[in-house]
Amino acid sequence: MMSNLTGAERTTAMTIAGFGALIGLAMAAAGHGDPMGVHGWIVLAFFGVLFFIVASALYSPEPVEDRALSYYDDPTKVGIILALIWAVVGMFMGVWVASQLAWPDLRFEGAWSGFGRLRPVHTSGVIFGFGGNALIATSYHIMQRTSRARMPGQISPWFVLLGFNLFCILAASGYVMGVTQSKEYAEAEWYADIWLVVVWVVYFILYMRTLSRRNEPHIYVANWYYLSFILVVAILHIVNNLAVPASWTGAKSYSLFSGVQDAMTQWWYGHNAVAFFLTTGFLGMLYYFLPKRAGRPIYSYRLSILSFWGIVFFYIWVGSHHLHYTALPHWVQTLGMTFSVMLLVPSWASAGNALMTLNGAWGKVRDDATLRFMMMAAVFYGLSTFEGSFMAIRPVNGLSHYTDWTVGHVHAGAMGWVALITFGSIYALTPVLWRRETMYSWKAVEWHFWLALSGTVIYVFSMWNSGIIQGLMWRTYTETGTLKFSFVDSLVAMHPYYIARAFGGLLFLTGACICLWNVVMTILHVPQKAPELDYPTSSEAMEPALPAAE
Amino acid sequence: MDISHEWFVGFSKSFGLFYLIALSIGITAYAYWPSLGGRFDRAAKSILDDEDGPAQEIKSEDTPCR
């Protein structure tokens, strides 16, 4: 990795790491006695390790080959491994908190290990750690390939990838210490939020600079999805995290918003995190890896453009469906509900476009578990977007809201759609990135597929059952007009479903562990394969790999 | 001008509606513009073989005869 950096780049990296370590030291000193001080030491250790890694290779030989001849894949490789490590950690946390609901003794009496602190570690671990790293890594791969251009620099991709992981570490370690803004999927406190803004702006500039160097006349649609992910997540993150720190030496801050405005801002953010973090970026993955793996162009490119703009314009309005029957003005609730229902059209257009692409390649879907991951992801995308539109309808929401049905819906999307398309993409990407003949074990990919699918189905069905039972129990009245069941009655009724849910999650976690093992074994033990195509382009082939520009 | 709640509701319900309709028409026209069909087809096919590295400037002495 270091051997691909020039001397000047190593010096820059060392300077950045040294500066970061100083900030960490300042945080540790200023925040002494507060969780911020602990975070200071974490920042110091993080940048200190990076500093010494770079310093130890500062004077090793510099790269000699012409780097303009190849894509820069080192950060992509590290990003894939980091994504899988976060997957295992985040999903383990998920299984743990799910088990705590079934067997509360699994809390082990610690303040740090209670459900309220570990749950955000699970959600941030899988959404940001696993999903975010996978998005950053695949975006590096896709933006270079579709632009036929190398990334403009070699420092900024590392800065984005490692800086994002520092944010994830600060977030997760903060939750365990009780640091939280109490905003769902935005729990991290003000200094971590500011750091993420810096990282994200560099990410956006890196993406735009790569696109501006492109040798293709048209920007492939996957890039549109990735760009919307980067741009809108920046807007959402900045607005929802506007807050005033209680002091510059402590973690606590107070949101700029209050009351129903706070709720609306949070769920405008929250649902668009689902939209622009968990949907558009992963649709970018789908639009690139599914056609590539199937060996067929996307069924309708025009439809992909229409559904892109449909998703972008409709999604941004739907957040208020999280606040049905609250103090939020009725017309805003109705607006969110209406846009949620309309959203089904572009969502199904995307899912249908993906499945129609496979028409004529169903033999491959049967034989190739990697392509089957992607196919099943498109199916779950279609199912969970239908369910989402349905649940956003106010009277349906009256039954489903605050119950496990919502949890089941989220996991149909997160496990069935987001995780499956990510695993499929990782299996497609690993042999290409490391230039290996194939994955280490195809049987392991099959095992992973069936574990992931059965885990998701068990999870979602148990949550449907428990959610609808909860919703019905909470609205059952006696003849005298009082509630028939207490909350504890409904909790007792949930017990078997909570066990089933933890088991489904365990199957899914097992699959993720197999994936990490398989990827590592592929890197270590599968023989190298010379690329079939003229890579890098040599003039002796007597033909250009590509006309330079059309 | 006083920006009240009523003003915002009125603005959302009038301008919001028309800008969304205008955008829909604009995007549909772009997606189905006949002369862009070739460009979209090329883009859709371009990803199928893209592991040959970044596109290179061809040096003049190496340019093959056509």
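The structure is a predicted model, and the secondary structure of chain A comes to 18 helices and 2 strands. Chain A is divided into domain 1, covering residues 1–59, and domain 2, covering residues 73–245 together with 261–528.

**Overall size**

- Chain A has 550 residues, and because a compact globule with that number of residues would have a radius of gyration near 24 Å, the value of 24 Å for chain A agrees with such a globule.
- Taken along the principal axes, the C-alpha atoms of chain A fill a box of roughly 90 × 65 × 45 Å.

**The two domains and where they touch**

- The C-alpha centres of domain 1 of chain A and domain 2 of chain A lie 30 Å apart, and the contact between these domains brings 15 residues of domain 1 together with 13 residues of domain 2.
- On the side of domain 1 of chain A that touches domain 2 of chain A, helices H1 and H2 of chain A each supply at least two residues, and H2(A) gives the most, with 8 residues.
- The residues on that side of domain 1 of chain A divide into 11 nonpolar, 3 polar and 1 charged.

**Helices H1 and H2**

- Helix H1 of chain A spans residues 7–30 and helix H2 of chain A spans residues 35–56, and their axes come within 7 Å and cross at roughly 160°.
- Because angles over 145 degrees count as roughly antiparallel, that crossing makes H1(A) roughly antiparallel to H2(A).
- H1(A) passes H2(A) in a left-handed crossing, and the residues of the contact of H1(A) with H2(A) divide into 17 nonpolar, 7 polar and 1 charged.

**Helices H4 and H16**

- Helix H4 of chain A (residues 115–147) packs with helix H16 of chain A (residues 404–433) at an angle of about 40°, and their axes are 11 Å apart.
- H4(A) and H16(A) are therefore oblique to each other, and the crossing of these helices is left-handed.
- From H4(A), the residues A:Val126, A:Gly131, A:Ala134, A:Thr138 and A:His141 meet A:Ala414, A:Val418, A:Thr422, A:Ser425 and A:Leu429 of H16(A).
- The residues of the contact of H4(A) with H16(A) divide into 5 nonpolar and 5 polar, with no charged residue.

**Helices H7 and H8**

- The axes of helix H7 (residues 221–240) and helix H8 (residues 259–277), both of chain A, come within 10 Å and cross at roughly 160°.
- H7(A) and H8(A) are therefore roughly antiparallel to each other, and H7(A) passes H8(A) in a left-handed crossing.
- The H7(A) side of the contact includes A:Ser228, A:Phe229, A:Val232, A:Val233, A:Leu236, A:Val239 and A:Asn240, which meet residues of H8(A), among them A:Thr265, A:Gln266, A:Tyr269, A:Asn272, A:Ala273, A:Phe276 and A:Phe277.
- The residues of the contact of H7(A) with H8(A) divide into 9 nonpolar and 5 polar, with no charged residue.

Conventions. Residues are numbered from 1 along each chain as its sequence is written. Chains are lettered from A and ligands numbered from 1 in the order in which they are written. This is a predicted model: local features need pLDDT of at least 70, side-chain atom pairs count only at pLDDT 80 or more; totals for chains, interfaces and linings use all residues. Axes are lines fitted to C-alpha atoms, for helices over the stretch in contact, and angles run from 0 to 180 degrees between N-to-C directions. Helices (H or I, at least four residues) and strands (E, at least two) are DSSP runs, numbered from the N terminus. Angles under 35 degrees count as roughly parallel, over 145 as roughly antiparallel, 65 to 115 as roughly perpendicular and the rest as oblique. A crossing is left-handed if the near helix is turned anticlockwise from the far one by less than a right angle, and right-handed if clockwise. Ala, Val, Leu, Ile, Met, Phe, Trp, Tyr, Cys and Pro count as nonpolar, Asp, Glu, Lys and Arg as charged, and the others, Gly among them, as polar. Domain bounds come from an automatic or database domain assignment. Two residues are in contact if their C-beta atoms, placed from the backbone, lie within 7 Å. The radius of gyration is taken over C-alpha atoms; the globule rule is 2.2 Å times the number of residues to the power 0.38.
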